[in-house]
Amino acid sequence: MAPTMSQSREYGADSEVGRLRTVILHRPGPELERLTPGNNDRLLFDGIPWVARAQEEHDAFAEVLRGRGVEVLHLIDLLAETLADPDARDHVIETTTDGSAGPALGDAVRDHLRGVLGEAAPEELTRLLVAGIRNDELRGGRAVHSLVTSLLPPQAFLVDPLPNLLFTRDSSVWLPDRVLVTTLAMRARRRESQLTGLVYRFHPRFAGGRRIEGHAHEHVEGGDVLLLAPGVVALGVGERTTPAGAERLARQLLTAGLATTVLAVPIAQERATMHLDTVCTMVDVDRVVMYPGVADTLTAYAVTAREPGSPELVVAPPEPFLAAAAKAMGIERLHRIDTGLDPVTAEREQWDDGNNTLALEPGVAVAYERNDATNARLEEAGIEVLRIAGSELGSGRGGPRCLSCPVLRDPLGAAG
Ligand SMILES: NC(=O)NCCC[C@H](N)C(=O)O
C-alpha cells in the first residue's frame, strides 16, 4: 500500500525548533475549487485562490522540507488508508451526517447520504469528505426525493467542503509523547479534527499511541499552542482558543507532567490575530519573530500546578509576555526580531504571515518570500530563511507554520 503505512511508533515534539523529522501537510485539492465570492467568508478564506498555483506553491514547500531531510506525510493519504478500516468508516459516516458539525439534513437525505458514503471506496470516501457534496451533485447521482433537496438551492452543501484542511497546524498538536486532537472554534472547521482524530485512532502508524482529546465546547486550536521550550507551553487565548479551552489544556499538560509552566496569552479577537502564531513564532531556542504592534502590550498569565501532578492550578498575575516566557524557560532573555521595518510595513507583513514561520532546526526557518522586510531582518539576525511562494496559499490567511503539523522533532539538546 501507500508508503505512509508502518508500525506504530513513538512520535512527538517538545519544542518549536528541535530538528524537524516528520510533518503532516495537506496539498490543496478540489475543496478549494468550492470557494466562491458568496461563501469564502463563511469558509474563512479572504479571497478565491487560483488552485493550480496553490498546488504548485504547496509542492514547492513540500520539496523544501524534503530537501532538508524531513519526511512529509500527506493527510489525504493517511485518511484514505484510515478509511480502509470498517470501524473508522462507520464512525466518520455517522459524525458527518449527524448534523453536529454540518448542515441539518433531515431523515431522507441523511439515510441517502449514509448509503452513498458507505458504498464509496476509501479514496472516494476521502474525496467526498474533504471536497464536500452539493445538493445538485446528490440529485445528479441516484435521485433522492426529499423536501430538503427540493427546497435547498442546487449549490447548497449537504456536506461542507474543508478548504482549511490546508492548515494542518490547527486540528492536532504533537506534544512530547502524545497528540492533542483539538476542537476547533469555527463551525467551518469543526469536521477537520473529526478527521485527524480518526487518523490518530485508526491508522496503523499511530493506532495505540497516546492521545488527548479536546472538549467539544472548550475550544483549542493548534495555532494558539507554542512549545516555547521543553516543559513550557504558551497558549494564545482569543478568537479561537477560549479561556476554558486554555484552562482545560493547561490542566491536562500540568497533571500529565508534559509542562511545568503554561503561559496563557490573551490576544485580540480579530481576524488578523486569530492565533498566537499570527503574531509570534520561534526561530531559535531563544529568539522569536514578533509583530511589534503587540510586542510591548502582550501579557501572559503563568499557570502552574499547586503540587507536581495536582489538578489544582495556580494562576499568577499577568506579566509582559517576553519576560514571563524567559522566566519560565530559565533563560535570561527571549529575544525578539520584529516584523517589518516601520509600522505600516509591519502591519502589511503581519497580515501576510510574516510572523508565521516554521523552524526546521534552531536558526533555520521557512517563510513566505513576499515578506521582504521581515525576512531581511531575520537574515540580519543570522537566521537562515528558506523562502517559499505563498501568494495563493496565503489567501486563507496562514503561513508555513499554519500549513504544517510537526509529528516528530528531535528533543532539544539532542545531536542533529
Ligand atoms: N495557525 C493558523 O494561524 N492557521 C491559519 C488558519 C487560517 C484559516 N483560514 C482560519 O481562519 O482558520
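Predicted model: local features only at pLDDT ≥ 70, side-chain atom pairs only at ≥ 80, totals over all residues.
Residues are numbered from 1 along each chain as its sequence is written.

Entry 1: I looked up Val233 and left aside its neighbours within four places in sequence; Val233 is in contact with Val225, Leu226, Leu227, Leu228, Leu253, Ala259 and Val262. I call a residue buried if 20 or more other C-beta atoms lie within 10 Å of its own, exposed if 12 or fewer, and partly exposed in between. A nonpolar core is a set of buried Ala, Val, Leu, Ile, Met, Phe, Trp, Tyr and Cys residues joined through C-beta atoms within 7 Å. The largest such core has 112 residues, of which Val233, Leu235, Ala264 and Val265 touch the most other members. In soluble globular proteins, nonpolar side chains tend to be buried together.

**Entry 2: the ligand.** Fifteen, written 15 in my table, residues surround the ligand, and the closest are Leu44, Gly223, His275, Gly398 and Cys402. The shell has four nonpolar, six polar and five charged residues. For these classes, Ala, Val, Leu, Ile, Met, Phe, Trp, Tyr, Cys and Pro are nonpolar, Asp, Glu, Lys and Arg are charged, and the others, Gly among them, are polar.

**Entry 3: positive phi.** Most residues other than glycine have a negative phi. I noted Leu44, which is not a glycine and has a positive phi of about 65 degrees. Leu44 lies in the loop between strand E1 (20-25) and helix H1 (51-67); helices (H or I, at least four residues) and strands (E, at least two) are DSSP runs, numbered from the N terminus. Leu44 is partly exposed, because 19 other C-beta atoms lie within 10 Å. Arg397 also has a positive phi of about 65 degrees and is not a glycine. Arg397 sits in the loop between strand E19 (384-388) and strand E20 (405-409), and is buried, with 21 other C-beta atoms within 10 Å.

Entry 4: I take two strands as paired if DSSP finds at least two bridges between them. Three strands form an open sheet in the order E5-E6-E7, with mixed pairing. Strand E5 (172-174) and strand E7 (211-213) are at the edges with a single partner strand each, so one side of each has no neighbour in the sheet. Neighbouring strands of this sheet are turned by 20 degrees against each other on average, direction ignored; axes are lines fitted to C-alpha atoms, for helices over the stretch in contact, and angles run from 0 to 180 degrees between N-to-C directions. Helix H8 (residues 190-202) packs on the sheet and touches E5, E6 and E7, its direction making about 145 degrees with that of E6.

**Entry 5: strand E12.** Is strand E12 covered on one face or on both? On both: Arg287 and Val289 on one side and Val288 and Met290 on the other are all buried. Strand E11 (residues 280-284) pairs with E12 in the antiparallel sense over four bridges, and Thr281 stands opposite Val289. Four bridges join E12 to strand E16 (residues 335-338), in parallel.

Key
Near = placed C-beta within 6 Å. Contact = placed C-beta atoms within 7 Å.
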